Amino acid sequence: MSEARLTTNASTRLYGIFGSPVRHSLSPTLHNALFQKLGMNAVYMAFEVQRDSLGLALEAVRSLDMGGVNLTIPLKEEALNHVDEIPEDVDRCAGALNTIVNRGGQLHGYNTDGPGLLAALAEELQWRPAGKSVLILGAGGAARGAAFALAHAGAERIWIANRTEERAQGLAEHLEGFFPETEIDAVADASVLGAEKIDLLVNATSCGMRAEDPPPADPAAFRKLAAVYDLIYNCGETSLLRSAKKLGLPQANGLGMLAAQAALAFGLWTGRTEGVREQMLEVLRACKK
Ligand code: NAP
């Protein structure tokens, strides 16, 4: 896909993404395409920012009067120490921010990953969390946003499995404090798949980003599983999704969530929401061709 051609002048509003690594990010393509489609005088750029310089980088958002930024690996949790306000309770509790809005020098922090996941699940799999059981693989920033959103939306049972088990335990304990009505357990691995009826498997690990990665859970154990969502979006179909497809399970990759979380951030910055997610999804699908 050809990049959107941008014209800038002295009134152009600057947005961006901070993270490391950040050069692979599709966010500049997405947001710039929408600024252009909607005739807005704004530009979105990617900035390589390490955790120990996030404070300085966010100070620049204030001093340069940027409209806002997205945050990616490894900054989502550290951001809590640098914003002025976190308006949504669920974002404050989740403890990971991916969107900063600059309102007159006050930085407001949000997490649009969780709501983006819920929107993608509803749209692509017609799947809603209330009363359901979910196995989440991973305990990093994305898993944290996913787990909070699923529990907040009424999931009845959540298992969390992670390569580093203590991180899964830490996340499960943190969640339990906020959602006493959801049964939440850290498990050593994904073997619970063979033993329990599970309504949704969510891969929130980075395992699958490279073509040679094995599936993050053994497909032989999928017989009691109802659906699969893989947050990974960089390579079309992961081996996890291929296995799910072979078994005839409803499944989707992370492109829908990427578009939905970006559209929510775009709405927070600009107030423009109508048709934004659909147009972003179109841009993403064109990039992947
Ligand atoms: P992160 O904070 O760095 O966490 C990475 C997670 O993956 C950790 O739980 C880590 O386990 C696990 N992991 C890494 N390599 C693994 C391997 N080889 N085998 C098993 N587990 C492994 O990253 P993140 O921000 O949570 O992102 C995770 C994934 O979600 C990435 O692929 C990212 O692109 C995707 N994502 C997608 C969206 C979307 O909109 N679709 C949004 C956010 C993130 P340890 O704790 O043991 O290290």
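1. D65 sits in the loop that joins α2 (54-63) to β3. In this predicted model, the phi of D65 is positive, about 55°, although the residue is not a glycine. With a relative accessible area of 45%, D65 is partly exposed, because that class lies between the 20% and 50% limits.

2. Q126 also calls for a look at its backbone. Its phi is near 50°, a positive value in a residue other than glycine. The residue belongs to the loop between α4 (113-125) and β6 (133-137). Q126 has 55% relative accessibility and therefore counts as exposed, the limit being over 50%.

3. One runs from S20 to P21, with omega near 0°, and P21 is part of the loop between β1 and α1. Another runs from I73 to P74, again with omega near 0°; P74 is in the loop that leads from β3 (68-71) to α3 (89-94).

4. The loop between β1 (13-19) and α1 (27-37) also holds S25. Is S25 buried or exposed? At a relative accessible area of 14%, S25 is buried, since the limit for that class is under 20%. Its side chain reaches the backbone nitrogen of S27 at 3.0 Å.

5. S27 is itself one of the buried residues of α1, which also include P28, H31, N32 and F35. Nine of the 11 residues of α1 are buried, so this helix is largely enclosed by the rest of the structure. After α1 comes G39, with a positive phi near 65°.

6. Turning to the ligand, which residues come nearest? Of the 24 residues around the ligand, these are A142, N162, R163, T164 and R167. An N or O atom in the side chain of R167 is 2.7 Å from a ligand oxygen. A polar backbone atom of A142 is 2.8 Å from an oxygen atom of the ligand, and for a polar backbone atom of L258 the distance to a ligand oxygen is 3.3 Å. On its own the ligand has 920 Å² of accessible area, of which the protein covers 81%.

7. The ligand takes up the space of the largest pocket. Two or more residues of the shell are given by each of α5 (141-152) and α9 (255-270). The largest share, three residues, comes from α9. By class, the shell has 11 nonpolar, nine polar and four charged residues.

Methods
Residues are numbered from 1 along each chain as its sequence is written. This is a predicted model: local features need pLDDT of at least 70, side-chain atom pairs count only at pLDDT 80 or more; totals for chains, interfaces and linings use all residues. Side-chain values use heavy atoms; hydrogens and water are left out. A residue is near a molecule or strand if one of its heavy atoms lies within 4 Å of it. A polar contact is a pair of N or O atoms within 3.5 Å; within protein, one must be able to donate a hydrogen and the other to accept it, and residues adjacent in sequence count only if both atoms are side-chain atoms. Accessible areas come from the Shrake-Rupley method with a 1.4 Å probe; for residues, only the protein chains shown count as cover. On a 1 Å grid over the protein atoms alone, a cavity is a set of points where a 1.4 Å probe fits but cannot get out, and a pocket is an open set with protein on both sides within 12 Å along at least five of seven lines; lining residues have an atom within 4 Å of a point. A molecule sits in a cavity or pocket if more than half of its atoms lie within 2 Å of its grid points. Helices (H or I, at least four residues) and strands (E, at least two) are DSSP runs, numbered from the N terminus. Ala, Val, Leu, Ile, Met, Phe, Trp, Tyr, Cys and Pro count as nonpolar, Asp, Glu, Lys and Arg as charged, and the others, Gly among them, as polar. Buried means under 20% relative accessible area, exposed over 50%, partly exposed in between (1.4 Å probe, protein chains only).
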